[in-house]
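I opened this notebook to keep track of what I looked up. The entries go from the whole chain to single residues.

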Amino acid sequence: MTGNVPTLAVSAESANEQPLHACVRAALENYFRDLDGHPPGDLYQMVMIEIERPVLETVMRYTGGNQSRAAAILGLNRGTLRKKLARYGIE
């Protein structure tokens, strides 16, 4: 934590905490390594989908399904949140 503002981190199996950006970087490096000569495609969209869905699911769980609270936490208006929830089939 930096001051009173928490940072996003993922607990690794080794109990070392890594910032979210380090996990994303490692995942992207693995992705490029595993391409095996195939060209990458729609990378930005793929990453956004991989990140957006768990963010929405986790915030909705945290708020007990309260869309107004979730929208406020996410910094979105409720209409935008509803569209995103519908896109992923999240109730």
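My entries on the overall layout, the nonpolar core and the salt bridges follow.

**Ground rules.** I am working with a predicted model, where local features need pLDDT of at least 70, side-chain atom pairs count only at pLDDT 80 or more, and totals for chains, interfaces and linings use all residues. Residues are numbered from 1 along each chain as its sequence is written, and side-chain values use heavy atoms, with hydrogens and water left out.

**Layout.** I looked up the secondary structure and found four helices and two strands. Helices (H or I, at least four residues) and strands (E, at least two) are DSSP runs, numbered from the N terminus. Read from that end, the order is β-β-α-α-α-α.

**Surface and burial.** I noted an accessible surface of about 7100 Å² (Shrake-Rupley method, 1.4 Å probe). Carbon and sulfur atoms hold 54% of that surface. Of the 91 residues, 15% are buried. Buried means under 20% relative accessible area, exposed over 50%, and partly exposed in between (1.4 Å probe, protein chains only).

**Core.** Which residues form the largest nonpolar core? I listed nine: Leu56, Val59, Met60, Ala70, Ala71, Leu81, Leu85, Tyr88 and Ile90. Two or more of these residues come from each of α2 (43-62), α3 (67-74) and α4 (78-88). Such a core is a set of buried Ala, Val, Leu, Ile, Met, Phe, Trp, Tyr and Cys residues joined through side-chain atoms within 4.5 Å. In soluble globular proteins, nonpolar side chains tend to be buried together.

I then checked Met60. Leaving aside residues up to four places away in sequence, Met60 touches Gly65, Asn66, Gln67, Ala70, Leu81, Leu85, Ile90 and Glu91. Contact means heavy atoms within 4.5 Å.

**Salt bridges.** How many salt bridges does the structure hold? I found four. The term means a side-chain nitrogen of Lys or Arg within 4 Å of a carboxyl oxygen of Asp or Glu.

I started with Asp34 and Arg33, whose closest N and O atoms are 3.6 Å apart. Both residues are exposed.

Next I took Lys84 and Glu52, which meet at 2.6 Å, N to O. Lys84 lies in helix α4 and Glu52 in helix α2, so this pair ties together parts 32 residues apart in sequence. Lys84 and Glu52 are both buried.

Glu52 also forms a salt bridge with Arg87, at 3.3 Å between the closest N and O atoms. That pair links helix α2 to helix α4 across 35 residues. Glu52 has a relative accessible area of 19%, so it counts as buried. Arg87 is exposed, because its relative accessibility is 53%. Through shared partners, Glu52, Lys84 and Arg87 join into one network.
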